[in-house]
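Hi,

Here is the structure I promised to pass on. Have a look at it first, then read my notes below.

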Amino acid sequence: MTISKEQVQQLSEEFLNDIIAIRRHLHQHPELSFEEYNTSAFIQDQLRQLDIPFTTMANTGVVALVKGDLPGEEVIALRADIDALPIQEVEGRAYGSSNQGVMHACGHDAHTSSLLGVARILHRLKSTFSGTVKLIFQPGEERLPGGASLMIKEGVLHNPEPKSIIGQHVMPFIETGKVGFREGKYMASCDELFMTVRGRGGHGAHPHQNIDPIVITAHIITALQQVVSRMADPRTPTVLSWGKVQANGATNIVPNEVYLEGTFRTFDEKWRAEAHEKMIKMAVGIAESMDAVCDFEVRKGYPFLINDELTTRQARLLAEDYLGKENVVDLDLWPAAEDFSYYSQETDACFYRLGTANTSRGITSAVHTPTFDIDEQSLRTGMGLMAYIALRKLGN
């Protein structure tokens, strides 16, 4: 028996108001990475109400299994991240964050509520499908080492082993009702950079008596951009950005040291390793040539995210069937990072974008901003499409 898209669409419509309420509850009670205790408890309670079996993993992660009543051994995994960000939300929203300085500014509340909507759809259709859908509610996407890496180490891709994994992420630059796909490499690797340049401080009026770490740091920052502009293969997008520079001097005081934090991103693991060595060698060498000392630390983060071509092509075709071809768009390479990339390095994966914008209502703010929000009508697509892809990929 083949489950029709109309069946799934009807259930998505039926559950929409409940899922909006769930999203608002999650949005009002955000929790930071690896601190999602109440969020985890809420997810578990929702699953208990549906009588869906689950286990916990990586402390606050939840993994549920929805097994169809018809014979079938195929398994597919669906993933949602559950953590929030250390951002203070703008005031005035009825469902705004009640946790000072913490906000679901990356849409993980939408991801989690959508997956709980999928759980409801699958539970309702349980008697009509074969195979098993593994629902992964994952903590800590926003902070190294990434909850995905921890859950993989604890066996989330085994017992049972899924043949593929599907993830979705809100996209405030795509209108609600639309989704985006890209085959192959999609998102960048992400490394955190920490650098301290130590010189000798003193009076700003007597620079000859100092080893000025600010001037030396300026040389290093400028020179390191050659890693991007002159050393990286132009066919491999590369980003090097410094987001924090601290030099605690004054108008006439040269400090002893300068401290920096930054990020390095690319789409090639071999070049990534080479670039780390080049940056360290260049920074240390420039500092030494000017009688200073440079400590340069690279904290290796998430790998690049690659969408399996066959899995993604199949998911895109199913999205075109479910939403209409005109509502499925192409995605460009995206230099942001996602720890879903760990799954994509382990098994066939597809990570697509869920349109959440509503330009006419002014819902267009980017993620990781205090004004970010979603058009909650997008949750209809968020749960329905994921459920439809899972069911059809299981052969139903």
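You'll find Asp-51 in the loop between α2 (37-49) and β1 (54-57). Helices (H or I, at least four residues) and strands (E, at least two) are DSSP runs, numbered from the N terminus.

Before going on, bear in mind that this is a predicted model, where local features need pLDDT of at least 70 and side-chain atom pairs count only at pLDDT 80 or more, while totals for chains, interfaces and linings use all residues. Residues are numbered from 1 along each chain as its sequence is written, and side-chain values use heavy atoms, leaving out hydrogens and water.

Now compare Ser-341, which sits in helix α9 (residues 340-344). Ser-341 is buried, at a relative accessible area of 0%. Apart from neighbours within four places in sequence, Ser-341 is in contact with Tyr-302, Pro-303, Phe-304 and Leu-305 (contact means heavy atoms within 4.5 Å).

Next, the sheet. Four strands form an open sheet in the order β10-β12-β8-β13, with antiparallel pairing (two strands pair if DSSP finds at least two bridges between them). β10 (238-246) and β13 (293-299) are at the edges with a single partner strand each, so one side of each has no neighbour in the sheet. Between β10 and β12 (residues 257-266) there are eight bridges, and Thr-238 has Thr-266 in β12 as its bridge partner.

Helix α5 (residues 213-224) packs on this sheet and touches β8 (191-198), β10, β12 and β13. Helix α7 (residues 269-289) lies across β8, β10, β12 and β13 too.

How do the two helices meet? α5 and α7 pack at an angle of about 150 degrees, with their axes 9 Å apart (axes are lines fitted to C-alpha atoms, for helices over the stretch in contact, and angles run from 0 to 180 degrees between N-to-C directions). That makes α5 roughly antiparallel to α7 (angles under 35 degrees count as roughly parallel, over 145 as roughly antiparallel, 65 to 115 as roughly perpendicular and the rest as oblique). On the α5 side, Ile-216, His-219, Ile-220, Ala-223 and Leu-224 meet Met-279, Met-282, Ala-283, Ile-286 and Ala-287 of α7.

Cheers

Note on methods
Buried means under 20% relative accessible area, exposed over 50%, partly exposed in between (1.4 Å probe, protein chains only).
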